[in-house]
Amino acid sequence: MQRLLLLGMNHTTAQLDLREKLAFGGADRDAALAELHGRFPECEFVLLSTCNRTELYLARQPHAPPRFEELLQYLAQKRGLAADELGRHMYQKTDRDVAAHLFAVASSLDSMVLGETQILGQVRQAYDAACQAGAVAAMLNPLFQRALAVGKQVLTQTALAEGRVSVASVAVDYARRIFDTFADKTVLSIGAGKMAALVLTNLAELSPGRLVICNRDPAKAAAMVQTSRADVAPLDDLADHLAEADIVVSSTGSSAPIITRALMEAVMPRRRYKPVFLIDIALPRDVAPEVAQMENVYLYDLDDLQQAVAATRSQRGAALEAAAKIVADQVEQFIVAQRARQLGPIIDQLYRRWHELAQEELSRTLAKLPQVSEAERRQLEDLARRIVNKLLHEPMQMLRSPEGSHGSVIQYLHAMEKLFNLGPPQEKGVLTPFPEKGGQDPFSGEPPS
Amino acid sequence: MLLMLGAVALLLLSVVLSLFRLRRPTNTLRLAAKSSQYWAVGLGLAALIWHGLSHRSLLPSGDNFESLGAVGLLLVGFVLYVQGVRPIPALDLFLLPPAVLMLLCAVIFGRIKPNAYHPENLWAWMHPLCSYGGALAFAIAAAGGCMYLILAARLRKKSPPGGPDLGSLERLERVNHSAAALGFALLTLGMVTGLMIIHRGAPTRLGPHWLASPKVLLAFSVWIVYALALHTPISPALRGRKSAMLSILGFALMFGTIIAVQFMPGSP
């Protein structure tokens, strides 16, 4: 019999500096897995570590080490942190809640940015690393395989991965709807403020061919160039650069528009009316609103981008519900499948034992009835078998169904073993008790899920 | 005919499935729509081969059924090609309706006005091939134009990302321009070969006043429209929405030409 445990920390429980300290890189993770598996060879481990979370998944016998305190101590020691301090930022989950949490993580429902697809790959990497370290077996294998399938289902069957949730990322989405390729495009930044840097960082994922920064203060522009490999140009040459630029990010502190309709009307013939995407994130605005009426000019100011973000968020309400339903259904299916796997051997044992008892009693009775013919003997054997089957049928059905039991499966298993004098099943990793939601496992003495 | 009607039904089913995908973009719906398109092409090809064998024509330009059917099926083939190479998810919503229209015209005109065509020389052989090839390219240009206009309108309205994925303006403009250029070249060839047929004194349905016939006037207006649409490298002020609108107008006129041809008086 095995239990599922999870000890973790994520962006909701800890600040970035602490998450950074606890994070495990690829080599660190492999070493930690090897060490943990070497120390507890009967247990299964998966270590998931990303920029937003570090989570240690574990499957072990109910009364066996390691306990949460030991795992916490190990992590704290490994990273040179105080266990008490670390413990305040970590969460512990068991059994059903571990499955529910992992499925939510793989589906990005627990991510900082809902619908991000990176997490699914990170879960896969963590699982692959654990497989290579030989640290997963009959318990964590099905759990992680199911989690990966659930994550894929949520990201492909719901609209959760569609749209963006920040002004900068919305700007990137709009750029993708205007332009097909970016290697031949020029991005012009007018101003070198923090917001411009943020938008440019997002636009960098499109790998534009050239980046030009126009700024009144050349020193500030030069400082930005160090991080973004751009050309610096004086603001006086703005018209020339507008004629070449395809995407323009404007964020100056100017009190009057610096891109007027007259300027754009002069620029458009020079750029042969190629479409231009103007992103005006300055307050007050840098681009005159009437520029938006021009042909092949796509102007988005801060309000437009924020409205798109808000609309995307509201659109996600339905997608979020659909995703949560998929996760809940899959957790239930996983629990039912695990319940069937864990109860199967005990039920088999019980049937065998009762049929043996019935046969013994029948043999004793038949020994006292020498005149019974072969046909009658077979009839009596059938009778005994049918009685045993009928007696056991209803309670076994109730036991198999998740709605039928009011206590934890482990309680039922122990009760059956005690009441009917059954030995524990030998198959490793098959029996996995899942206490009912909100219940407490009285045998392991571990905190409730 | 029945096989071609089956292809039409499958294409309509594919359009319906694609519409459902707008609301719920599942992989199952995508695969179902795609397989319907493949089956439609299969059925349509079977219909063309059957028809060709029974009429002993090697190329699909022997009569209305073959010519229009081939144009419709090539449009579906283009959709399948693009979706296989570099997908534009909403393309089938814009190209399958003209494909269905062409196939329906093939069934209807193939039945009531077969207009069997017996080319006697190279000009007569090239004329329908180039003209229908031009129609095919113009249908693609018009679909690209429609998508361009919708996407440009959505960008102007600043509607949030989401909805049917139409690709990017730049790609749609490229599709529109390339298809229009190809169609224009084919139409020009079609018109030149038509003039050669008339010049050589071969019998046509156009009669002595061929220059004033609806077919010639419409074809010439299509030629003018696309000449304007293709003018963007010289006159870039036409690029973008104006070029897209011209492509749509051009295809509408081209379709009018195809219909006009069916009702021309005189003998083939």
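**Close-up views of a predicted two-chain model**

**View 1. How confident is the predictor about chain A?** Chain A has an average pLDDT of 83, and 88% of its residues reach at least 70; pLDDT is the predictor's confidence in each residue, from 0 to 100. This is a predicted model, in which local features need pLDDT of at least 70 and side-chain atom pairs count only at pLDDT 80 or more, while totals for chains, interfaces and linings use all residues. Residues are numbered from 1 along each chain as its sequence is written, and chains are lettered from A and ligands numbered from 1 in the order in which they are written. Helices (H or I, at least four residues) and strands (E, at least two) are DSSP runs, numbered from the N terminus.

**View 2. An open sheet in chain A.** Chain A holds 15 helices and 10 strands. Six of the strands form an open sheet in the order S7-S6-S5-S8-S9-S10, with parallel pairing; two strands pair if DSSP finds at least two bridges between them. Look for strand S7 (231-234) and S10 of chain A at the edges, where each pairs on one side only. On average, neighbouring strands of this sheet are turned by 20° against each other, direction ignored. Helix H9 (residues 194-203) of chain A packs on the sheet and touches strand S5 (186-190), strand S8 (247-250) and S9 of chain A. The direction of H9 makes about 155° with that of S8(A); axes are lines fitted to C-alpha atoms, for helices over the stretch in contact, and angles run from 0 to 180 degrees between N-to-C directions.

**View 3. Nonpolar cores.** A nonpolar core is a set of buried Ala, Val, Leu, Ile, Met, Phe, Trp, Tyr and Cys residues joined through C-beta atoms within 7 Å. The largest has 123 residues, and those with the most contacts inside it include A:Val248, A:Leu278 and B:Ile140. Helix H5(B) gives the most to this core, 17 residues. Leaving aside neighbours within four places in sequence, B:Ile140 is in contact with B:Phe78, B:Leu95, B:Val175 and B:Ala179; contact means that C-beta atoms, placed from the backbone, lie within 7 Å. Another core, of 60 residues, lies apart, with A:Met9 and A:Val105 among them.

**View 4. Where the chains meet.** Here 17 residues of chain B are in contact with 24 residues of chain A. Helix H6(B) gives the largest share of chain B's side, three residues.

Notes:
Two residues are in contact if their C-beta atoms, placed from the backbone, lie within 7 Å. A residue is buried if 20 or more other C-beta atoms lie within 10 Å of its own, exposed if 12 or fewer, and partly exposed in between; C-beta atoms are placed from the backbone.
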